[in-house]
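This report is meant for a reader meeting the structure for the first time.

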Amino acid sequence: MATLGNLLLLASFVACAYAIAASVAGARRRSRRLVESGIGAFYFITALMTVATGVIVHAFVTNNFAIKYVQRYSDSAQPLVYKMTSYWGGLDGSIMFWVWLLSMFGALAIYMNRERQRELIPYVVATISATCMFFLFLMIVHNNPFSTFLAGPAAEGAGLNPLLQNFYMAIHPPALYIGFVAMTIPFAFGLAALITGHLDDSWLRAVRRWTMVGWIFLSFGLVLGMLWAYEELGWGGYWGWDPVENAGLLPWFTATAFLHSVMVQERRGMLRVWNVTLVILTFFLTIFGTFMTRSGIVQSVHAFGEDRELAFLFTIFMVLILTFSFGLVIYRLPLLRARNELDSWVSREAAFLANNWILLFSAFFVLFATMFPTISESLRGERLTVGPPFFNKWMMPIGLILLVLTGIAPLLAWRKTTLSNLVHQFMWPVGIGLATGITLYALGMRVWSAGTAFALCAFVATTIAQEFIRGAHVRRGATGSDIVTSMIGLVSRSRRRYGGYIVHLGIVLMFLGFAGEAFKKEAQVVMQPGEQITVGHFTVRHDALRVTQDAQKQMITGHLSVFDGDKAIGEMRPAKWFFNRRENEPTTEVAIRRGVGEDLYIVLAGYEAAEQSATYTITVNPLVNWIWFGFAIMTLGTILTLLPETAFALAAAKVPAGAATTSMLVIVLFMPAPIQAHSAATGGEAGQTFATPVERSPLWKKLEGEIMCTCGCNSPMNDCPMEPNCHGLETQRAKLAKFLEAGMNEDEVLRAFVADYGHQAVLARPIDEGFNRLAWLFPYLLGIGTAIGVGIVATRWSRRGPGQADTANDVMAPEDSALQTRLDDELRDLD
Amino acid sequence: MRAQSVKIAATSAAIVLALSGLMYTTLSEGTEYYKHVDEVMVDPEAWYGKKLQLHGFVVDGSIQRRPNSLDYRFEVQSNGKVVRATYNGVVPDTLKDGSEVVIKGELSEAGFSVSPNGVMAKCPSKYEPAGVGALGAAGATGNY
């Protein structure tokens with residue numbers, strides 16, 4: 001099985017190389033056949049990666065512990081679903097998953113655009129294949145998910161981290177990857193447009209839609225991550241400005257900026273360099289985000305292993321992306337000149353420009369603050385860190401300004417807005433916003449940030465409502481139908497505009513949720529059975545502590561009765577689960593009582609089984625659910641915008657808003673999660689033994705990373721999955737201790753181990769000298785060699801046979817006039 | 001055209017300057033020193049009153065808890081230097097003898113006073129979060 005997997009990866013790598021060469025050559029020789037064969041090669045890659053995915057999932061399902069990756073992230077007791085999701089549970093598999101997704105998306109994008117964007121397609125294929133190739137290279141030389149144990153299969157797997165055995169963890173990474181991966185498509189189109197010089201605005205069409213797809217999945221991934229943190233980690237919050245979270249946020253900012261500024265280009269022919277730059281930046285940031293969190297350059301307590309080699313490979317790739325794409329931008333600057341200039345600062349394009357600056361600044365700020373510890377260490381030699389308060393201090397006002405712009409921009413006219421127009425447009429929204437603010441103040445709200453946020457939410461909501469109502473009125477006047485029908489007609493006629501408003505409405509609701517954070521109440525308390533505490537208007541009584549057991553884990557559950565004032569409103573069961581073989585990493589099972597207004601959120605933070613006493617963190621989180629609900633609205637708006645015309649016409653004709661209801665239901669179905677502490681028959685006392693790591697010298701630690709454990713796990717000593725019950729590890733440690741006591745230095749110890757074992761296989765990597773250095777370099781040479789080979793083949797092919805070029809010319813003829821007219825029509829309809 | 005580009009340049013320069021100034025001032029309030037226990041305990045008095053994040057290992061058997069309360073006292077060491085820490089609140093499950101911790105707070109003569117939610121402990125075993133760019137292991141503690 002593993003051999004098959006390896007072969008598939010290698011075959012995909014070769015196919016990628018061919019796809020690049022054939023496409024580039026085909027485009028240059030104007031040979032339709034070569035281009036078609038490049039496209040075919042890409043479909044072939046998709047097929048290969050799909051089979052490879054099948055192979056690894058099969059290995060997980062059949063508990064094939066001969067494969068290291070399977071052994072490390074799965075075990076036989078795991079439920080089937082989590083066996084399958086273990087596919088993306090670790091680095092190696094997630095890279096493979098990434099390539100698979102990229103090949104799927106790429107195939108889809110190529111299939112959909114191969115006629116319409118005939119000039120661009122070869123370079124699109126080449127760019128996507130090159131990206132695939134990088135990740136395949138990474139897998140083959142560094143992170144092969146199919147590598148096997150030399151010493152035969154292990155008896156049992158180490159199991160997926162229990163924190164990740166969760167509904168959201170099963171779907172959150174795919175969503176985020178899809179978002180990341182989809183951003184490659186716009187980049188490929190952008191690059192193709194730059195290379196061919198077809199920089200008229202037609203390429204933007206494909207790019208805009210794909211960016212939107214990527215954007216909504218990215219948002220989905222981020223929101224799922226927030227839900228996961230909220231429900232699984234048990235600190236009562238959902239966003240902690242962790243480097244990993246920030247990595248997902250960076251491309252989101254630039255993609256959002258692009259989705260806005262692209263409209264300026266479509267309408268006014270401005271910001272063309274800027275838009276290309278944003279597309280490139282977004283793609284770059286997806287790669288950079290991966291690099292940042294995976295290579296260990298940003299340290300966080302969340303222990304991402306430092307991986308110099310990975311960092312090195314990523315750096316090369318990123319430098320290549322940047323030089324190549326910005327080189328092209330500079331080369332094409334003459335073609336990217338703006339057709340218009342900014343007429344007035346009181347215009348929609350100016351508002352979009354402001355929105356872009358702020359989004360870009362946010363991206364820059366988050367990047368800076370995330371990298372700050374690394375930057376300060378390299379500049380001053382002293383590690384300084386910034387925490388969530390620093391992020392919040394900056395991002396809160398930035399968020400509020402963005403919220404204001406969300407309201408203002410759509411109401412401004414293109415080019416220039418007159419004063420009377422301003423009054424007409426802003427009278428109601430500003431009035432209602434102010435009224436909300438004053439009412440809240442009068443009601444005794446003194447938190448300025450939340451108060452401003454609420455007032456602004458009211459302002460923006462009013463602008464959106466006003467747009468809908470005014471539009472519907474105009475349409476009613478024209479068609480003579482009733483107001484609801486005309487509103488549906490309005491939305492279906494210019495979906496992009498009204499879909500956008502619905503997305504904005506979702507953002508407003510999410511801001512409500514964020515602002516609710518200011519009124520959070522929290523208590524930490526130790527309680528004996530029968531004791532109670534009041535938080536907000538809830539009273540919570542600790543009744544008992546139960547210890548139970550099932551095949552996978554031991555569960556400690558707190559039994560609580562909850563009262564609202566005097567009225568009993570139910571029981572809550574927060575728990576701690578100790579999974580077998582991971583007894584020292586219990587998972588927190590939060591009990592949440594959801595409500596429209598607020599959530600009651602209880603965590604069992606600690607316990608004394610003997611006294612039946614328990615420590616609880618009890619939080620009342622106002623308005624959190626509006627974040628998830630707002631996101632559902634946002635998705636709805638995006639789907640509306642993306643729907644193909646025919647599909648929407650059908651839905652609108654038969655069941656008005658039927659499509660909307662269905663998609664709404666689908667989204668809502670994702671939301672509720674079975675969060676309940678399980679209670680089974682009462683088991684015995686908790687009897688746990690914890691392995692206590694001993695403090696060891698730095699040299700010892702370093703050596704543990706360089707010497708392999710001999711138990712057959714094929715991992716360095718510090719990484720042996722069998723720890724702490726590993727027979728091989730103990731002997732190796734004893735040896736190591738002996739050598740170190742004898743006063744040997746690092747080199748001598750390594751040599752002693754090799755002499756003792758009789759072979760260099762005992763070392764995690766070969767000693768860096770002579771022939772060994774060559775072995776070390778080999779994969780790199782191979783990679784570079786292939787790249788050069790591809791380049792040579794491509795140029796040779798493209799030079800050969802000028803005679804053939806003539807026959808190809810009519811095939812690659814400029815787009816026919818019918819298509820051109822349709823495109824023009826569509827562009828005119830855009831608003 | 002020329003005058004306009006000058007205007008644009010001047011505006012951007014002003015904005016960039018203002019923002020970096022603002023950033024610098026807030027940064028000096030917001031930053032914390034990240035140190036290993038032994039780096040600080042060589043000359044502890046120099047660090048009194050500064051915001052610190054200390055990195056080290058929990059001394060075996062040093063974790064004490066006042067019964068029926070959330071008052072904790074434990075010692076953290078690295079390379080032989082020890083600091084005594086006091087904390088009130090819920091500690092992460094991973095705070096165990098020997099575990100690798102980062103504590104946030106301030107140092108004084110009485111020892112290291114850990115700020116609320118200021119204890120972060122690494123799991124003793126390797127922790128591999130889910131995937132690339134995933135919100136893998138968002139903290140065991142967080143500030144909101």
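What percentage of the 144 residues of chain B count as buried? In this predicted model, the figure is 48% of the 144 residues of chain B. The secondary structure of chain B consists of 2 helices and 7 strands. Following the sequence, the elements of chain B come in the order α-β-α-β-β-β-β-β-β. If contacts in chain B between residues at least 6 apart in sequence are taken, 47% of them join residues at least 24 apart.

The table gives two packed pairs.

| Helix pair | Angle | Axes |
|---|---|---|
| α9 (residues 202-233) and α10 (residues 243-268) of chain A | about 150° | 9 Å apart |
| α10(A) and α11 (residues 272-294) of chain A | roughly 170° | within 9 Å |

In the pair of α9(A) and α10(A), the angle is about 150°. Because angles over 145 degrees count as roughly antiparallel, α9(A) is roughly antiparallel to α10(A). The crossing of these two helices, α9(A) and α10(A), is left-handed. On the α9(A) side, the residues making the contact include A:L204, A:V207, A:W215 and A:L222. On the α10(A) side they include A:W252, A:F258, A:L259 and A:V262. Sorted by class, the contact of α9(A) with α10(A) has 13 nonpolar, 5 polar and 3 charged residues.

Helix α10(A) also packs with α11(A), where the axes cross at roughly 170°. With that angle, α10(A) is roughly antiparallel to α11(A). From α10(A), the contributors include A:V244, A:L250, A:T254 and A:S261. From α11(A), they include A:W274, A:L278, A:L285 and A:M292. The contact of α10(A) with α11(A) divides into 15 nonpolar, 8 polar and 1 charged residues.

The last item is one residue of chain A. Where is A:S362 placed? A:S362 lies in helix α13 (residues 348-380) of chain A. Is A:S362 buried or exposed? Its relative accessibility is 0%, so A:S362 counts as buried, the cut-off being under 20%. The side chain of A:S362 reaches the backbone oxygen of A:I358 at 2.7 Å. Apart from neighbours within four places in sequence, A:S362 is in contact with A:F253, A:M395 and A:I398.

Notes
Residues numbered from 1 in each chain as written. Chains lettered and ligands numbered in written order. Predicted model: local features only at pLDDT ≥ 70, side-chain atom pairs only at ≥ 80, totals over all residues. Heavy atoms only, no water. Axes fitted to C-alpha atoms, helices over the stretch in contact; angles between N-to-C directions. Helix = DSSP H or I, 4+ residues; strand = E, 2+ residues; numbered from the N terminus. Parallel < 35°, antiparallel > 145°, perpendicular 65-115°, else oblique. Left-handed = near helix turned anticlockwise from the far one by under 90°. Contact = heavy atoms within 4.5 Å. Nonpolar A, V, L, I, M, F, W, Y, C, P; charged D, E, K, R; others polar. Buried < 20%, exposed > 50% of the residue type's maximum accessible area, 1.4 Å probe, protein only. Polar contact = N/O pair within 3.5 Å; in protein donor to acceptor, adjacent residues only side chain to side chain.
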